[in-house]
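Subject: Model handover, cavities and pockets

Hello,

Here is the structure for your files. Please look it over before reading the notes below it.

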Amino acid sequence: MALEGKVALITGAGSGFGKATSLLFAKNGAKIVAVDLNLEAAQDVVAEIEAVGGSALALKADVSHEDEIKAVIDRAVEEYGQLDILFNNAGTYVHGNVEETNSEGWHKSLDVNLSSVFYGVKHAIPHLKKTKGNIISTASAGGVIGFPSAVSYAATKGGVISLTRAVAVDYAGDGVRANCIAPGTGETGMTHDLLEDPSIKEGFLAPIPMKRLGQPEDVAKAALFLASDQADYLTGVVLPVDGGWTMS
């Protein structure tokens, strides 16, 4: 199994990309620390993993608070003795251009989408240096190309990409890899309400050459590749998982 003996901490693990990745990593031998603001959702994921013989721990944290991120990282190492993979996946979406976005929405995006990644990396790095582990973060196609009516989301996801590249350079000599995934529009809880409108769904589909929306499992498979030894010479990579959207 690709991740046999590894310990992976995944934020936003209770749904969407995080849930799919938690289940796939566990299937490939990893012990999972499932972190989510919704503890019940994280516990449900853990129950699914344990039902098939895997090992997992559910923890609650608000990723916008540094002390809570540090606490779950410390708890993961206390429980399993090591940390090999950090998947910074939790995020939020605030709709609006610069005129429509207020200070509260701007700072919410910064705190949840970008500061949380900084906090996670900061407190995981000492443990990852010991295991020569790796960091994966969820960016977005919106951080790569112009993305309408989502100025705070696009800015913070672009920040995730730049932060990832900086960390990759700083810690390559320690054997720690840092990469990010840039999903296009996916069918997740974050987009569910928007995609209920057929015209909006068609608008999202239009620029995608593969003519389908992404699924959580698409991101999970990309994360598994980046976390595995198959990607041991990759760092600082922005991996599009978007059906060809950003190349079209």
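This is a predicted model: local features need pLDDT of at least 70, side-chain atom pairs count only at pLDDT 80 or more; totals for chains, interfaces and linings use all residues.

Cavities

The count comes to 2 cavities of 30 Å³ or more. The largest cavity has a volume of about 70 Å³, and its lining consists of Leu 9, Thr 11, Val 63, Ile 69, Ile 73, Leu 86, Asn 88, Asn 89, Ala 90, Ser 116, Val 117 and Gly 120. Two or more of these lining residues come from each of strand S1 (7–11), helix H3 (66–80), strand S4 (85–88) and helix H4 (103–131). H4 gives the largest share, 3 residues. By class, this lining holds 7 nonpolar and 5 polar residues, with no charged ones.

The second largest cavity has a volume of about 40 Å³. Among the residues that line it are Phe 17, Pro 183, Gly 184, Asp 218 and Val 241. Its lining divides into 4 nonpolar, 5 polar and 1 charged.

Pocket

The volume of the largest pocket is about 1,000 Å³. It is lined by 43 residues, and Thr 92, Tyr 93, Tyr 153, Thr 188 and Met 190 are the ones that lie nearest its centre. At least two lining residues are supplied by each of helix H1 (16–27), strand S2 (31–36), H4, helix H5 (151–171) and helix H7 (198–205).

Regards

Notes
Residues are numbered from 1 along each chain as its sequence is written. Side-chain values use heavy atoms; hydrogens and water are left out. On a 1 Å grid over the protein atoms alone, a cavity is a set of points where a 1.4 Å probe fits but cannot get out, and a pocket is an open set with protein on both sides within 12 Å along at least five of seven lines; lining residues have an atom within 4 Å of a point. Grid points are joined across faces, edges and corners, and a volume is the space filled by probe spheres set on the points. Helices (H or I, at least four residues) and strands (E, at least two) are DSSP runs, numbered from the N terminus. Ala, Val, Leu, Ile, Met, Phe, Trp, Tyr, Cys and Pro count as nonpolar, Asp, Glu, Lys and Arg as charged, and the others, Gly among them, as polar.
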